[in-house]
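Here is a short report on one protein chain. Look at the structure first, then read on.

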Amino acid sequence: MNVQMSDTPPNLDEICGTLIDLAYRAGRIITGALPGTDNTGSKQNSADLVTEYDRAVEEMISGALKDKYPDYQFHGEETYDPARPLTDMPTFIIDPIDGTVNFVHGFPHACVSLGFAINRVPTVGVVFNPVTETLYSAIRGKGAFLNRDIRLPLKGTNIEPLSGLKNSLIGIEWGSERTGRNWETKIRTFEKLGQAQENGGAMVRSMRSMGSAALNLCAVATGVLDLYWEGGCWAWDVCAGWVILEEAGGIMVGGNPDEWEAKIDGRKYLAIRAASSQSSQKELVKEFWSIIQGRLEY
């Protein structure tokens, strides 16, 4: 879908700086809060929570962005309207608290995820964990950074080779949808990943379920996770982390076999960390796809 845009291109450096400032402001709201759920705002079930702070953070961010960038679109988790899908227009794609369950339980793995997309391509990303005071940021074509000045990936130019699933630490998530075909696909795939090789499994080193898509992508970007597979999350979960991942040398593909072109709102993703060659990244993608037991349908 082609949409007429302004003749003046977005100032990406300014936008990144604005998003960093907003991330710190959001962090003060989050760390100043007493975690608790608002049951009237719960989503699907007890694993899919909304807090009053999600809404407060999104309201602050959306108000500031609409004041400064009135011509750009806004796509946020708490104000999502399925009747208004993403377009090619420059769009802020925001998750006020990614990892709400962690936030509610006081588990220090939650963040504000602030993305900006043009033509549905993630272009600027800022992810901030206010508990650990860790900031990730990236602008397409300009690199990814930790706390503004440490270039990602952390291992620098001497990147450890990718050497197959059996030597991989993998990020996975259970999600809030716990029934149906997608749930079965996930569970059977997790089993296959962990199963001994003599029984037909991949016998990966281990799997981690940390509860935040944005921070999982940043972990792949830094190189502490080798890959991350997800089905069921949304554009606001991945937009910011996607830019950071790719600017750190990683790649994003679809979560189902042969989906080499991932879509920002495709809801199925496979992220691979930086490596010494693109061929090794693609080989790991193919190996992971061969393990998937079924097909994710979102």
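## A salt-bridge network

R295 and E259 meet through their side chains in a salt bridge, 3.4 Å from N to O. (A salt bridge puts a side-chain nitrogen of Lys or Arg within 4 Å of a carboxyl oxygen of Asp or Glu.) The pair links distant parts of the chain, 36 residues apart. R295 sits in the segment after α7, and E259 in the loop between β11 (251-254) and β12. Helices (H or I, at least four residues) and strands (E, at least two) are DSSP runs, numbered from the N terminus. Salt bridges with shared partners join E259, R295 and E297 into one network.

E259 is buried, at 19% relative accessible area. R295 is partly exposed, at 37%. Buried means under 20% relative accessible area, exposed over 50%, and partly exposed in between (1.4 Å probe, protein chains only).

## About the model

This is a predicted model: local features need pLDDT of at least 70, side-chain atom pairs count only at pLDDT 80 or more, and totals for chains, interfaces and linings use all residues. Residues are numbered from 1 along each chain as its sequence is written, and side-chain values use heavy atoms, leaving out hydrogens and water.

## Other salt bridges

The structure holds 8 salt bridges. One joins K186 and E230, with the closest N and O atoms 3.6 Å apart. K186 lies in helix α4 (residues 180-194) and E230 in strand β10 (residues 227-231), so the pair ties together parts 44 residues apart in sequence. K186 is buried at 4%, and E230 is buried at 7%.

D226 and R273 form another, at 2.7 Å from N to O. Both D226 and R273 are buried.
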